Structures are given as structure tokens and as C-alpha cells.
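Good morning, and thank you for coming.

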Amino acid sequence: MRIKPRQQLLEIWEAVADQLQHHGLEHAVEGTEPNSVSETERLLCLLYPATEVPALRLDVPDETADDVLAALRKLGDSVEIPRALLNGITEYFDRNTVGGAPVFAGGDYYDSYEPGVEVTEEQRMLGVVDSYSLSITLCLATLGFLKVFSRGLSRPDLRRRADELAAATNVRLSAAMVALLRSFSVSAFEVDSPEGRSLCSLLNRSGESNRVVVEQLQRRLRPLRATIRDYFTIGLTSTDALENENLLFECGWSWGIVDGAPPIQTSEEVGPQEPGLAQDAPYLYFTVVALDGIADLFSDRTLTLGLLNEEQQRLAQALRLRWELTQRYWSALARFDDQAWPLENIPWRTTDRQESLYFSLLVSSILVQDLVRRRAPDTDLARTVAVLEELAVRSKTTRRMVPGDAALALHSPGVGLTLQGSERLGPLLRWSVTDFSAQLLKRTIQLGGLSQNITSHDRLLRLAESVMDHLWERRIGSGENAKLWDDLSPVSPDVEEHGQVLSWSMTERMVEALIAAANLIEQTPIRSSRLTELATDLLSEADHLLDKEVMEASGGGFVSVLNTLRQSEARLQRARRLLRDRPGTACTLALQVLASLDELAAARRTASRGY
């Protein structure tokens, strides 16, 4: 794979360190006001790789690699770098805390749908699911970093600061978890409503009557309906509508805390739980964002380090139930018809009758997570690979853009999401997303880590490399934002040359994709049954010939012959150990042994002829 995550992450670190040296964390992008989302994204660009990629760890100064120190030299040496992180995270929490309560404001990421009408200050302070989810990831990374870093602290003042930061981190983590619970939505609607007709039209690819489609859908969703109705006891406005099995429903996350969502009863300090105003209906984008953050709550690192206290584990369990049910719901829709998946009918159309390639990618993202969770068969994987390849082509991620190309709008200005409910405090708000290609790269790599089919795996790696080539062209080439994203001018003739706009959202998504690539590289190579059979046959022949040569040399022999036999035996023992996980390597070792034994046999024949 041409993607080299370690080197590329180090280049991003070097650029971020330069940003921090010149601007600190106060300004997310020049000319804009700071907000919790962009600040979280910037910190994650540093902290997430350091906690997810062991080779890039920063929490043990004596074990920091030389190339890591070189990339972060502007933050100091191996001792000063973790302390600089400690200071930066502390400043982040101070700025995003008001009256002791965490703030998850969207700030300048909110935009007005009404021309000439400014977003109100009250709207800028509204919390958003992006901030809740990213905060979970950041807080877990911070807690893991502090848990290891604190062990080496001897100065009382530093240990006290680390303890205070850990306490503040736990408060923000708990508040983010509670907010995500209150942002979850289950929206029920009539079959004959606009939403119901749109959903049936999406699912009905075989020309059946709507009645048949509805019956099939209700039957498939009945277990999910029962689980939501009986076990989702916290955070929801009401599940009474699910008692009526004639109604259809959707589940997922709205853009913020749902209008009417009740407070969560918890012993954790989470600050005041303000009333919500977000539309009580799921948004695909925010659902995917929430799923990504929640997954970190039960990652191996979180469980191994014991980062959650007892009450946080209770909240995490409630979120995990929603995580699993949401994946199963959208996966069921995506694969509704075995003969013709609705997901394959690109672009995906939502129940509010909006269509976009981005929505197809979002549903694919959920499907990929569900495939990972249930270890899906190769047939499902192969069909999902085809969808990702098609999205890459249609979005002009793996094809050349031409003048006036409609695909440019997918990347800039991006897909605009209407934040229904926000108009109660000012103009109707819009949330724009421009990370299509970075999301595509991440999901392709994730699916590559799941696939055990060599053909599908190779297709995914080739696709990931092509998408990475596109994204690498979009790195900002010069100036103070060099080596960060996003500059579309190299890939689109309609974008002014060097039309670079620093996007921490895009940069952070690239970091996530590169971490996924690092995890993929760390996996055991895919085992080939053909190679395993070949290696087994080669080892059998090599074993037999080795025994024969040992027999010939049993009466004595040259030291060089005995050394060759001992070396051959050691290689065969290693080959047997590697046979299951690395049959190709086992083949190579067996062939080396066979070549050595053949040389011995040839030398013996030559000697016996008197040459």
C-alpha cells in the first residue's frame, strides 16, 4: 500500500506544531472566532495519533521516537512536548467551560440560510452533535495520555495540574455522553405520509406493491422496534408511537439536543441540562458522527486502561445500545432487497426527499461499521466495495474534474444540512460538510481491514491509494497552513489557483483515515488457502529431504555440512510456526531449505564420482 501513515502523520504534526507556535489554540482559522468544534479537531490532530498509534506515543518521554521529536521540535524536547500538550488541553477546557459547565458551541461553523441575516450570538452558543462526539474522543485520548504520563511525574505541581485536568476531562466526558443521549431521536410516521412514501419508494426496487414492501419492512424491524420500546428508558421524548405497528420509524441522532428531551438522571457533574430545540428526527450525517465517537467508549484502549468510572460505564452502555440498534436499522434499509440493495441505487434519498452522493456514503459508513460488528460474509463485502468504487468515480475523487463539473459542489461548498428548530432563536441555520473524500478514504480502509477475501482486499487497497492521491493533491502547498487541508485548485479547474482555506474538519478527518491505515498495516496479512496448501506440501518435501541428509551425515561430515543441516532445521521450525498466519513466508523458508539441501546432495554426488 502506497499510503505511509507514519510519515504522513508526522508531516501533519509538524504543520500543527507550527500553527500552535504562531497562534496557540485561540484561533481555529484566521479571520474567524474560535469554537469548540474546531478547537477539538485541532487538538485531536495531535493527541489522537499519539494515543492510537503506539509508534507515535508521547506520554513516556524516554520512549519518544527520534522522528517524532523532529516533527514536534517547535513544541520542545521529549520532556517539554507532553507538558506543552498538558498546557494546551488545560487552556482548551478553560475556554470551553462557562460557570463550571462544559460548552459545546458550534460557533462560526453555523451559517444562516437567510441571506443578509446574521446568526445570533445565542445560536452560536448552541451545542452540536459534532462537538459532543469529538469531545468524547478527545476526553478519552486525554485520560489515556494522563494515566500513563502521570506515572513519571515527580514534581508535586505538575502532578496536581494533571489531576485537575483529569477531573475537568471527566466532567466534559460525562456531559458529552449525556448530551448524546438527549440528542438521540426515534421518529415515527404514517405509511401514507410524505416520509412514508419516500421511504417505500427508496426500498421498493423490485416493483412490488407498497403494502408488500411495508409488511416486509415491519417484519424485519419488529425486533428493533421492541428493543427501543422496552429498553430505551432514558433520554427519549417518548416511545409511545412505536406501540402502533402500523407506523414506520427512523432512528439516529439529530443535530443537537432534541426538543422535549428529558434531563438524564446521573450522579456525574455535567452542569445544567438545558432544554433542547433540535428537530426530533435523525440526520444521517450527525448519526454517523455520533456512531464514530461512541465506538471509542468501548475500544480496547478504553477498556484496558479503565478510563470510565462506574456511572460513565452506565451511560456508555445506554449509548452502546443505541449504537448497535442504529447500525442494525440503517444496515437493514441499505440491504433491504437481497437482489438489488437500495444502497446500490445511488444516490441515496432521505425521507425528506433530499438526494446526494454524500448520503450514499453516510449509509455506506454505517453499513461498514455493521459489517465489522457482525463479521459479514464476503458477498456483502464485495457489494459494498462496488458501492464505494462507484461513489469515488461519481464524486470525481478518482476521476478528473472538468470545467463546470457539478461534482465540485460536493467538495465545496459541500452539502448543506438544514438545522430544523434553530429558527426559534434567529435565522434558520445551516451546517455544511465538505469531507466527502476523507470520509471515503476512511471507510475504504476500514472495510479493507475487515475483508478476508484477497480479491476484495486488493480492490479496496487500490481504491484507497487512488483516493489518497486525490487528497494529497489537495494539501495546502505553501504559507503558514502548508501540509494541512484544504486546497481544491489542483484538482478542479474552477477553483482559483492556491484557493486555500484551512479546514480543521478536513484535516482531522484525514488524521482519522491515516490512523485507520496504521491499524490496517498492523493486522496479520490475509491468509491464502492456496498458499497454505503449497507451503504444507513444500514443508513435507523439505522435512523428508532433511531427514535423508541427516542420515547421510550421521557417520560424520564436514562442519559446514552440519551447520547447513542445523540451519535448515531451524528454518523449517520457523516455517511451521508461521504457516497459519504467514503462509507466503513459510513457502519462502521452505524453498530456501530445499535449495540448501539440493546443494548438499549435488556436492555429495560430485564427490562420489571422484570429481
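This is a predicted model: local features need pLDDT of at least 70, side-chain atom pairs count only at pLDDT 80 or more; totals for chains, interfaces and linings use all residues.

Let me begin with the aromatic rings. A search of the whole structure returns 15 aromatic pairs. In one, the ring centres of Phe104 and Tyr132 are 5.1 Å apart. Their planes meet at 75°, and as angles over 60 degrees count as edge-to-face, so does this pair. Where do the two residues lie? Phe104 belongs to the loop between strand E2 (101–102) and strand E3 (111–112), while Tyr132 is in helix H6 (residues 129–149), so the pair ties together parts that are 28 residues apart in sequence. Phe104 and Tyr132 are both buried.

The other pair is formed by Phe298 and Trp323. Here the ring centres are 4.8 Å apart and the planes stand at 75°, so this pair is edge-to-face as well. Phe298 is located in the loop between helix H10 (284–295) and helix H11 (300–305), and Trp323 in helix H12 (residues 310–334); the pair therefore ties together parts that are 25 residues apart in sequence. Phe298 and Trp323 are each buried.

Ring pairs also build a cluster, which links Tyr109, Tyr110, Tyr283, Tyr285, Phe286, Tyr358, Trp431 and Phe436.

I turn now to charges over rings. Phe298, already mentioned for its pairing with Trp323, has the charged end of Arg320 over its ring, 4.1 Å from the ring centre. Arg475 is placed over the face of Trp472, with 3.9 Å to the ring centre.

Next, the arginine. Is Arg509 buried or exposed? Its relative accessibility is 6%, and because buried means under 20%, Arg509 counts as buried. Arg509 is part of helix H18 (residues 504–522). Leaving aside residues up to four places away in sequence, Arg509 touches Glu41, Asp130, Tyr285, Asp435, Ala438 and Gln439. One of these contacts, Tyr285, is also a member of the ring cluster.

Finally, the cysteines. How many disulfides are there? The count is 0. For Cys45, the nearest cysteine sulfur is that of Cys139, 16 Å away, and Cys45 is in no disulfide. Cys139 is likewise in no disulfide, its nearest cysteine sulfur being that of Cys45. With a relative accessibility of 0%, Cys45 counts as buried, and Cys139, also at 0%, counts as buried too.

Technical notes. Residues are numbered from 1 along each chain as its sequence is written. Side-chain values use heavy atoms; hydrogens and water are left out. Helices (H or I, at least four residues) and strands (E, at least two) are DSSP runs, numbered from the N terminus. Buried means under 20% relative accessible area, exposed over 50%, partly exposed in between (1.4 Å probe, protein chains only). Contact means heavy atoms within 4.5 Å. A disulfide is a pair of cysteine sulfur atoms within 2.5 Å. Rings of Phe, Tyr and Trp (its six-membered ring) pair if their centres lie within 6.5 Å; planes under 30 degrees apart count as stacked, over 60 as edge-to-face and the rest as tilted. A charge sits over a ring if NZ of Lys or CZ of Arg is within 6 Å of the ring centre and within 35 degrees of the ring normal.
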